[in-house]
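Let's take a walk through a protein together, one stop at a time. Keep the picture open beside you as you read.

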Amino acid sequence: MTPHHPIKAVGLISGGLDSTLAVQIVRDLGVEVYGVYFAMPWGCCDKAKAMEAAERLGIHFVVLQLDEQYLEVVKKPKHGYGSALNPCTDCRVHMFSRARKYMDSVGAQFVFTGEVLGQRPMSQMRERMRIIGQESDLNGLLLRPLCAQLLDPTIPEKEGWVDREKLLGLCGRGRSVQMDLAKKYEIKDYLPPAGGCLLTDKNFARRMKDSFQYGYRNFRETIALKWGRHFRISPEFKAILGRDAEENVSLRAFAHQDDHIFELPDKRGPTLILKGIAPSPEILETCAGLIQRFSRHKDIQEGIEVEYWPVKDESHLAKIQSRMLSEKEITLLQI
Ligand code: SF4
């Protein structure tokens, strides 16, 4: 069935070159494009770059936030993980399913992406691409303009909504064709490919796994995993120390009401956030010891005084003497 004109399509844009080229190609075929940017909970790709690209191309643009539901996908991916905690196939199914719903809500006819066949091992192999289309309820309605000529024709091509001859047949990790197209379309400012997904970062993945194992109280706690040094003191208690002034401020802003904050009276050390309810004196002394280790007082061979208070009542300020921690102990605690 041929829909009423103009043909509308939802394009996933990341701020990278491939998705920008895909929009350019589809838009040049006379399709009205609705750009969707998926914002990761802990902020990954560059939203500003995606927005700039959408503005330059003169398309509609919306940001869809990935939230608790996405976290469930990361926790138990049906198709497994990549090199770290990146569940790329499930991640795409989740995003594309939401794009499908957005497609219906704006009365668009199909969804497209800047994917290139064989460019990424986990999610852009032919069979995976087929599964992703199927599981996101977009079977036949998911167009990949950069490699469409290497894939089975989709409904937009069969119905003549877009001219298959004008789509591309790119394959693999090479970038030369994309670079030539960037010159042709005068696209200059774009993100490097596959940059910035924290789930592919092994340090971040370790902290996230620790949160999955020992629990977290709310979604905001997982956002704060990107800042600071993390220490698992016991199954119930975890300490996070800022690595600079900016992280100290961010950690304080994202602290939970049940957390405690630790600082040195002279402020010559990091802020520490203790997660866990009703800490014992031993836990408090360990936190104070961690602050000392990462402060300007790390070479003092005796305990120092550290202040702490509950987030929910800053007037309840108390003091504790730090316990000297050995390097081995610190290494064993670090997540
Ligand atoms: S790299 Fe990250 S954002 Fe990209 S598909 Fe994989 S999990 Fe999703």
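**A walk through the model**

Our first stop is M122, which sits in the loop between β4 (110-112) and α5. Before going further, please keep in mind that this is a predicted model. Is M122 buried or exposed? A residue counts as buried when its relative accessible area is under 20%. M122 has a relative accessible area of 14%, so it is buried.

What surrounds M122, once its neighbours within four places in sequence are set aside? The residues in contact with M122 are H79, G80, Y81, G82, N86, P87, C88, T89 and R128.

The residues around the ligand are M40, Y70, N86, P87, C88, C91, R92 and C197. By type, the shell around the ligand holds six nonpolar residues, one polar residue and one charged residue. Which element gives the most to this shell? Helix α4 (residues 88-106) does, with three residues.

Now follow α4 to its partner, helix α5 (residues 126-135). Two packed helices are described by the angle between their axes and by the distance between those axes. For α4 and α5 the angle is about 40° and the axes lie 8 Å apart. The contact involves T89, R92, V93, F96 and S97 on the α4 side, and R128, I132 and E135 on the α5 side. Sorted by type, the residues of this contact are three nonpolar, two polar and three charged. The crossing of the two helices is right-handed. R92 of α4, a member of this contact, is also one of the residues around the ligand.

Let's step back and take in the whole chain. The secondary structure comes to twelve helices and eleven strands. Along its principal axes, the C-alpha trace spans about 75 × 35 × 35 Å. The domain assignment gives domain 1 (8-196) and domain 2 (227-333). Taken over C-alpha atoms, the centres of these two domains are separated by 43 Å. Of the 335 residues in the chain, 54% are buried. Among contacts between residues at least 6 apart in sequence, 65% join residues at least 24 apart.

For a stop in another part of the chain, find T271 in the loop between β8 (260-263) and β9 (272-275). T271 has a relative accessibility of 3%, so it counts as buried. Apart from its neighbours within four places in sequence, T271 is in contact with I240, L241, G242, N248, R252, I261, F262 and E263.

We finish with two residues whose backbone angles deserve a look. Most residues other than glycine have a negative phi. E186, however, has a phi near 55°, a positive value in a residue other than glycine. You will find E186 in the loop between α7 (176-184) and α8 (202-214). A278 also has a positive phi, near 50°, and is not a glycine either. Its place is in the loop between β9 and α11 (281-293).

Are these two residues buried or exposed? Exposed means over 50% relative accessible area. E186 is exposed because its relative accessibility is 59%, and A278 is exposed with a relative accessible area of 64%.

Terms used
Residues are numbered from 1 along each chain as its sequence is written. This is a predicted model: local features need pLDDT of at least 70, side-chain atom pairs count only at pLDDT 80 or more; totals for chains, interfaces and linings use all residues. Side-chain values use heavy atoms; hydrogens and water are left out. A residue is near a molecule or strand if one of its heavy atoms lies within 4 Å of it. Helices (H or I, at least four residues) and strands (E, at least two) are DSSP runs, numbered from the N terminus. Ala, Val, Leu, Ile, Met, Phe, Trp, Tyr, Cys and Pro count as nonpolar, Asp, Glu, Lys and Arg as charged, and the others, Gly among them, as polar. Buried means under 20% relative accessible area, exposed over 50%, partly exposed in between (1.4 Å probe, protein chains only). Contact means heavy atoms within 4.5 Å. Domain bounds come from an automatic or database domain assignment. Axes are lines fitted to C-alpha atoms, for helices over the stretch in contact, and angles run from 0 to 180 degrees between N-to-C directions. A crossing is left-handed if the near helix is turned anticlockwise from the far one by less than a right angle, and right-handed if clockwise.
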